[in-house]
Amino acid sequence: MDSSARRASEPRTGNLARVLDVLRLHGPLARTDIVRDVGLSRATVSSLLTELLDRGLAREGTDNRRAGSGGRPPALVDLEPSAAAGVGADMGRTHLRVAVADLGLNVLAEDVQRVDVPDHPQEALKLAGLMTEALLKAAGVERSQLLGVGVGLPGPVDRLSGRLGSATILPGWVGLAPRAELEQRLRSRVFLENDANLGALAEGLLGAGRGSKVLVYVKAAAGVGAGLVMDGRLFRGASGTAGEIGHTTLANSGPVCRCGNRGCLEQVAGATALLAQMAAAGVELDGVEDLLRLADDGHAGARRVIADAGQHIGLAVANFVTLIDADRVVVGGELGAAGELLVGPLRYAARSAAVTTAGSSIDIVGGDLGERAEVLGAVLLVLREPVSLGAALLAMH
């Protein structure tokens, strides 16, 4: 397909994604209900449903609940979950989580393994291929059913080139083309995205962000990132780096960050920084799980560094809220598992520092999806986002 034809198909692909979303969340539905929920004309919805039915991605049947009530029972349209599947891979700093889900977002197989992603990219890419192959087999998903693979990386992503958008945040990945390499290994279309964006997508559609018009998702983990969802769609910015909250400056005289700047939020609020603070206090910990366990046991130092991190993140969130007038902030990531110990100070700092009326009363909550938010978002990227869905549907022709 040439570029002009691709551009012409984009509105229709977006509309197909909207119909699939409605069926995924609310189906089975009568056609009149789909027209109402999608917000398109009856003729447009009818054409879209015909395409989905012809492709075998949707099915139509009788409403048996009303079959005996007299008159002709209405026909209901629903997804055909087994018709297609997507794979999601979340490459965190220290782990790789992969999941296979059907068209209805029912997870069929899932696994997580530890790997040093920033410093060992080839090992991470190889492991992603091996885990994907094993999980597809375990889920009984054929290659012909696979729409694609969504992959989250802990850094800004240039979605056009399939490379990392910054040479300083993941220096070990400089010169690599992870999308091209993964497509070769996986023999499938691959869609790269920043991991915090994927968490935002999942929490916004399936979790604590449901119903929000302008959502900020904060991923508090080894680093600190944020994803923005506006009216149900990711906002990536001009170059794909929107939401890099961890590399906003708190103090020009602060420590040098891996991005090359000084005093970044990540230097005082990321889990790596918190573990370093505990080590300086004479408490050596193996990872975030140990820190959270210690805090849960009442250790004063562990609780203090987590609460301080919440305050620092809250100040950065206040700037976000002031600038974009968000109506909800969802806090996730490994540190998000600390719950109110982190979210409470974050909420107080954000509400105190935000200067807008909306900011002073903004809804700030912990995530519902926990450590699975990013991998579910990676699957959603394939099953839902118009760009990836359009390419996948084209490949299925």
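In which sense do β12 and strand β13 (residues 233-235) pair, and over how many bridges? They pair in the antiparallel sense, over three bridges. Two strands count as paired if DSSP finds at least two bridges between them. V229 has L234 in β13 as its bridge partner. The two strands form a hairpin with two residues between them. In that turn, D231 has a positive phi of about 55°.

β12 also pairs with strand β11 (residues 214-220), again in the antiparallel sense, over seven bridges. Y217 stands opposite G227 in β12. This hairpin has three residues between its strands. Strand β12 (residues 224-230) has six of its seven residues buried, so it is largely enclosed by the rest of the structure. Buried means under 20% relative accessible area, exposed over 50%, and partly exposed in between, with a 1.4 Å probe and protein chains only.

## Model and overall figures

The model is predicted: local features need pLDDT of at least 70, side-chain atom pairs count only at pLDDT 80 or more, and totals for chains, interfaces and linings use all residues. Residues are numbered from 1 along each chain as its sequence is written, and side-chain values use heavy atoms, with hydrogens and water left out.

The protein has 14 helices and 15 strands. These are DSSP runs numbered from the N terminus: helices are H or I with at least four residues, strands are E with at least two. Of the 397 residues, 52% are buried. Among contacts (heavy atoms within 4.5 Å) with a separation of 6 or more, 62% join residues 24 or more positions apart. The protein exposes about 17,000 Å², and carbon and sulfur atoms supply 51% of that area. Accessible areas come from the Shrake-Rupley method with a 1.4 Å probe; for residues, only the protein chains shown count as cover.

## A three-stranded sheet

An open antiparallel sheet has the order β1-β3-β2. β1 (29-30) and β2 (58-62) stand at the edges with a single partner strand each, so one side of each lacks a neighbour in the sheet. Two bridges join β1 to strand β3 (residues 75-79). L29 stands opposite V77 in β3.

## Cavity and pocket

The structure holds one cavity of 30 Å³ or more. Of its 21 lining residues, R93, P154, D195, G223 and V224 are the closest to the centre. α6 and β12 are the elements that give two or more residues to this lining.

The second largest pocket has a volume of about 520 Å³. It too is lined by 21 residues, with D21, L205, D231, G232 and R384 closest to its centre. α1 (3-26), α2 (31-38) and α6 (195-206) each supply at least two lining residues. α1 gives the most, with five.

On a 1 Å grid over the protein atoms alone, a cavity is a set of points where a 1.4 Å probe fits but cannot get out; a pocket is an open set with protein on both sides within 12 Å along at least five of seven lines; lining residues have an atom within 4 Å of a point. Points are joined across faces, edges and corners, and a volume is the space filled by probe spheres set on them.

## Loop residue S188

S188 is in the loop between α5 (178-186) and β10 (190-194). Why does S188 count as buried? Because its relative accessibility is 13%. Not counting residues up to four places away in sequence, S188 touches R143, L146, G148, V149 and E183.
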